[in-house]
Amino acid sequence: MYSNIPVPGLQSVIIKKSEEIGGDFYLHVEIPRKNHRCRACGKWTQRIHDYRTQKIQHLKLFERTTYL
């Protein structure tokens, strides 16, 4: 599902998937990569050391409990 409707408070993330499970609304989001300095050598990089999936309860969206 692709939509051009902005979700309030989530303009800075990429919404990858949305689904409804058991009356709750789940948004699968991704934060865009940003350049940062390597702690070891000080060079700029976009490499990511680790990916973590986290479930975060958000405010109600469309009158349903919402998880990011």
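Is C38 buried, exposed or partly exposed? I looked it up: C38 comes out partly exposed, at 27% relative accessibility (buried is under 20% relative accessible area, exposed over 50%, partly exposed in between, with a 1.4 Å probe and protein chains only).

Ground rules for my notes: this is a predicted model, where local features need pLDDT of at least 70, side-chain atom pairs count only at pLDDT 80 or more, and totals for chains, interfaces and linings use all residues. I number residues from 1 along each chain as its sequence is written, and side-chain values use heavy atoms, with hydrogens and water left out.

Cysteines next. I searched for disulfides (a pair of cysteine sulfur atoms within 2.5 Å) and got zero. For C38 the nearest cysteine sulfur is that of C41, 3.7 Å away.

Then aromatics. I found one aromatic pair in the whole structure (ring centres of Phe, Tyr or Trp, the last by its six-membered ring, within 6.5 Å; planes under 30 degrees apart are stacked, over 60 edge-to-face, the rest tilted). Y26 and Y67 have ring centres 5.1 Å apart and planes at 20°, so I log them as stacked. Y26 sits in strand β2 and Y67 in strand β6 (residues 64-67), 41 residues apart; strands are DSSP runs of E, at least two residues, numbered from the N terminus. Y67 is buried, at 15% relative accessible area.

How values were computed: Helix = DSSP H or I, 4+ residues; strand = E, 2+ residues; numbered from the N terminus.
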